[in-house]
Amino acid sequence: MTDVGPILEARGVVKRFGPLVANDVTTFAVYPGEVVALLGENGAGKSTLCKILFGYYRGDTGEIRVAGRPVTITSPREARRLGIGMVFQNFSLIPALTVWENVALFVEDLPWVIRPAAVIRRMRADAERLHLRVDPRLPVGRLAVGDRQKVEILKQLLGGARVLILDEPTKVLAPQEVEGLFRTLAALRNDGYAIIFISHKLHEAMACADRIAVMRQGRIVATLQAHEASEATLLGLMFVDSSASSEPPAPSPPGEIVLELEKIATAPDVGCAVLRDLSLRLRAGEILGVAGVAGNGQRELADVILGLRRPSGGVKHLWGENATRWSAARIRERGVASIPDDPLALAVVPILTVRDNLVLGSGRAYYAGLGFDWGRLAAAMDRCAAQLGFPPLAYNARAAVLSGGNLQRLVLTRELSRGPKLIVALYPTRGLDARSAASLRGLLSEVRAAGAAVLLVSEDLDELFALSDRLIVLRAGRVAGSFLPAAFRAEAVGSCMVGAADAA
Amino acid sequence: MSTTFVAAVASSSILSGTSLLYATLGELVGERAGIVNLGLEGVMLIGAAVGFAATSIAGNPYFGVAAAALAGSATNLLLGYVVIARQANQLAAGLSLMFFGLGASALIGQPFVGAIVPALPRLGVPGLGAFDVLVWLALPTALFLWFLIFRTRWGLALRAVGEDPAAAFATGRRPGSIQYQALALGGLLAGTGGAHLSVALAMTWDEGMTAGRGFIAIALVIFSKWNPLWAVAGALIFGGAEALQLQLQARGTDLSPFLMTMIPYLLTLLVLGMWGWNRQSAAPAALGRSFFGVE
Amino acid sequence: MRRDLVLARWNPAALAARHRAPHAIATALASLAIFAVLLVAAGKDPLRAYRDTLFYVFGNAYGFSELLVRMTPLLLTAVAVALPARLGLINVGGEGQLYMGAWLATAGALGFPNLPAWLLLPLMTVLGFIGGAIWALLPGVLRAIKLVNETISTLLLNYVAPLIVSFFIFGPWRSAESASYPQSPAFVDAARLPSLAGTRIHLGLLYGLVSLALYAFFISRTRWGLAMRAVGGNPEASLRLGVPVSGYIIVAMGVAGGIAGVAGMAEASAIQGRLVAGLSPGYGFMGFLVAWLAAGRAVGILIMAFLFAAISSVGDILQITQAVPYAVVNVLMAVILFIVLSQRRS
């Protein structure tokens, strides 16, 4: 590093989304010829800050300077013109076109007649110079993800970027590809580029960065030189040390085994995480919390349990029976309920009315002749809603117009009215206001007390600590750690989530 | 199988295949931009009717072909307006265009039924037959389109729009404008294909004379994987099937013409099944959504 | 978020909200005006044609009956589109399914000429249904196993069916009588659907109305109809709620094809009295447009089929009174469609 000023600097940037303060950054700077890691857990505000730097969002207040000059960045094209490039997790590449075609589209100066041989030769030279070895002639769709990322990086650099922002770049990479990426970044750093590396994995930050800026709840809480940082220091900065703040739930006597997964594995599928060798046991009257960074197999786990995804290996038992090949309908009939995170997309048909949605998920319960016994349905649902303390249901409203909280209440009424014995709740309080979330948590406790088994997947450690009888951590498609209430500590669980240490 | 038979079939294939090729190329350009035109049959009919009428009026077949091309382009732009500017459903709009073409061509052609027009002059090839200028231009046109689509800046933008209009927009291009251009060009070609039937081959105008060639062309676009060079091969093969059938019939052989005419459709279905099996789709991705998506 | 499971963005309920009565009248008037301009340019008299049509259709029992005759196949082919559309499927294969229904029904008519009508006609109806159903089942299965999109497969099969029909009437079923104009032998009287005295209105109209009524009842009042609407509205959620989506796809396509097949049987049996090559002037495609305009609603289908049939009458009048080829009336139909299609959709 030289004593040149920062090439990109953010001062006093504040960004709110409604009541949520996503960013409150006093100062953040990156210098040419360095790699800065922006480290923090999910929701800390790292992506938001960088999206402001890239022109996707505008900060409510604050100033951004490029090479010392204050600028207003109104759009990504503006940012590109100023020499700021950003590589997201989902690349904006066109799979059917080749590498050189994708890059050529992005970079402005093309002659009317394109001579591929010349373009390819030039691009190969450029790619070599930028330490990004990729064959320009291949269609992007055929490249491994790591190579696609290289193309995206190449695109940004040839488009004039002097600052390169990478948003969680290793998330999509295989372990071997990560090495390659770090080598490339180091080489680019040596050539004078400035690199911002967003990550939640502290080992990676420590491995490739020169400086590490730790973010928590929208603020940069510390900036350290990489050689000054240790795992312990970083963890302490990333997570507010909190243990279970409320009373741990009274341990109930262990009930029968409701769900057992033995060495479950799933086949690779586009856009999905792969489960490997996943085993767990869930008993009646128990809430099993599942923690983990999003994308480590939580959704796939829920899908396997609900019968929506066939495991390619392993066995699933429900109440002692081998349910590995059961259909989703059969699993529901047996008393398994699902509370997904996005009810509008996953649990409800928006164009149908509340009444239709209620009966649709109720199996054969309300069959009458060729249609349904609407009277009996209404009576049962009203009873259930009253028991749950919900306001009366608006039967004739289309599901599409309901608020998030009301949708979740609709789903809960429907699912719980069937008296399920196993509930799979996937980020159930996501998107809910505080009161609805609290009441949902209370509900889960109650059903647990009534003898049901609950699998609760959540990103909210406080929520998990408050509700779980046991907690497991999912990482890379397997159970990376298991905790009892006495051991519920954010630092410990957090470090297991990000891979700092494997707790037994 | 004598050489004269082979020559007759080859010559006939080339003649039959020409109008099919132009229509296929026209549809191909539009589909590369992400727009499927189910009304291609209607566009061809308009081309045939206008071509015949204009030739009759002006006494000049070249004028007729030019008029037909322009008419085809205008018809395609009509589809373009409805589908691009008004965001209408492409399938419904295409079928409407088909009906439009059926009717408009009947209206335009009616006064000229039975007229005698000068045919497009032909140049002979010894041993093979005599071919008109559109036949001579067919292969160069395909080559030019290949060049246009794969070797020019416009073609790159065209393909980007057909794959991912949002991504194309993000690079500063205007997808709508490019789609209009593609349709205009495609219409020129489709109209020419129609004109070839009335002004070079049959030398008459009959209602509905394209007899489904527009739909064969749509199948052929898929079959040729949206590549103009493969379209040439496909048009020859499919044109050949028709030619073979005509020649066999002329010789009194009892091979059913209908079974042969089925082949393009069945082959295309087979090819689609194979792609589906391999989970690959050569279709431009944005075209894919309404027409090819299975998820 | 797994939103990738989307069958098609053709949501009848959402589309329905966009068609309103005042628009319909303005559309009709605008279309008639545009068509009138075209006719004048061609040297014809549109006002006379419109007036004559009104007299023919509403002032004349036979004229009105012809309108019903034209409407009949449209009712059936429209249901054949509307039913799978509830699942989000696009069936443009009504034409082919119609021909295959006619073909199989003809096999029955020619194969059992000695059966009494009360046995033969139901047999032919069933055969018509089966013929069309098989033709739609292939695309249905291909779609259910995620191999080929049903839009393109039904479209392609549209053109194979008439070729099969032609093969038979030029070959094994060639009628000895008319050597110049190939067609099947005439059906025996027992194989002909009965007509209303003095008109050509035939039992097919009843088939059409019954199919429409059953479709409406099925979709709105039965649990399978609800399941289908759910799949069309959100296939992912329906799958998660245990709805057997693949099964519904296959069955819906089969039934739809069968209904279109009955239309073919009716046209061959009642109108033509034999199997001919040009059995359908595009009833399958018109059915698609009828169903699309009606946004899949039964009452709308009735109205739109009536409208299309009325347009056909304009075509008849133009042909009879002013020597305009019947096909020209397709322009009027297209203009109406373009105007409707052009109305702003989000």
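This is a predicted model: local features need pLDDT of at least 70, side-chain atom pairs count only at pLDDT 80 or more; totals for chains, interfaces and linings use all residues.
Reader: Is H14(A) mostly covered or mostly uncovered, and how many of its residues are buried?

Author: A residue is buried if 20 or more other C-beta atoms lie within 10 Å of its own. Residues of H14(A) that pass include Leu407(A), Arg409(A), Arg414(A) and Ser417(A). The helix is mostly covered, with a buried count of 11 of its 14 residues.

Reader: Which elements are included in what covers the buried residues of H14(A)?

Author: The cover includes one strand, E16 (336-339) of chain A. It also includes helices of chain A: H11 (343-346), H12 (354-360), H13 (374-388) and H15 (434-449).

Reader: Which residue with a positive phi follows H14(A)?

Author: The phi in question is near 60°. The residue that follows the helix with this value is Gly419(A).

Reader: Which element gives the largest share of the side of domain 2 of chain A that touches domain 3 of chain A?

Author: The domain assignment gives domain 2 as 256-335 + 420-504 and domain 3 as 350-418. Their C-alpha centres lie 26 Å apart. The contact takes 10 residues from domain 2 of chain A and 9 residues from domain 3 of chain A. On the domain 2 side, helix H10 (328-333) and H15 of chain A each give two or more residues, and the largest share, 4 residues, comes from H15(A).

Reader: By class, how does that side of domain 2 of chain A divide?

Author: The side of domain 2 of chain A that touches domain 3 of chain A has 5 nonpolar residues. The rest of the division is 2 polar and 3 charged.

Reader: What is the hand of the crossing of H6(C) and H11(C)?

Author: Helix H6 covers residues 117-144 of chain C, and helix H11 covers residues 245-272. Their axes come within 5 Å and cross at roughly 145°. The crossing is right-handed.

Reader: What classes of residue make up the contact of H6(C) with H11(C)?

Author: Nonpolar residues number 19. The others are 12 polar and 1 charged.

Reader: Which helices of chain C each supply at least two residues of the side that touches chain A?

Author: The contact takes 20 residues from chain C and 22 residues from chain A. The chain C side divides into 8 nonpolar, 6 polar and 6 charged. The helices are H1 (12-16), H9 (223-233) and H10 (235-240) of chain C.

Methods
Residues are numbered from 1 along each chain as its sequence is written. Chains are lettered from A and ligands numbered from 1 in the order in which they are written. A residue is buried if 20 or more other C-beta atoms lie within 10 Å of its own, exposed if 12 or fewer, and partly exposed in between; C-beta atoms are placed from the backbone. Two residues are in contact if their C-beta atoms, placed from the backbone, lie within 7 Å. Axes are lines fitted to C-alpha atoms, for helices over the stretch in contact, and angles run from 0 to 180 degrees between N-to-C directions. A crossing is left-handed if the near helix is turned anticlockwise from the far one by less than a right angle, and right-handed if clockwise. Ala, Val, Leu, Ile, Met, Phe, Trp, Tyr, Cys and Pro count as nonpolar, Asp, Glu, Lys and Arg as charged, and the others, Gly among them, as polar. Domain bounds come from an automatic or database domain assignment.
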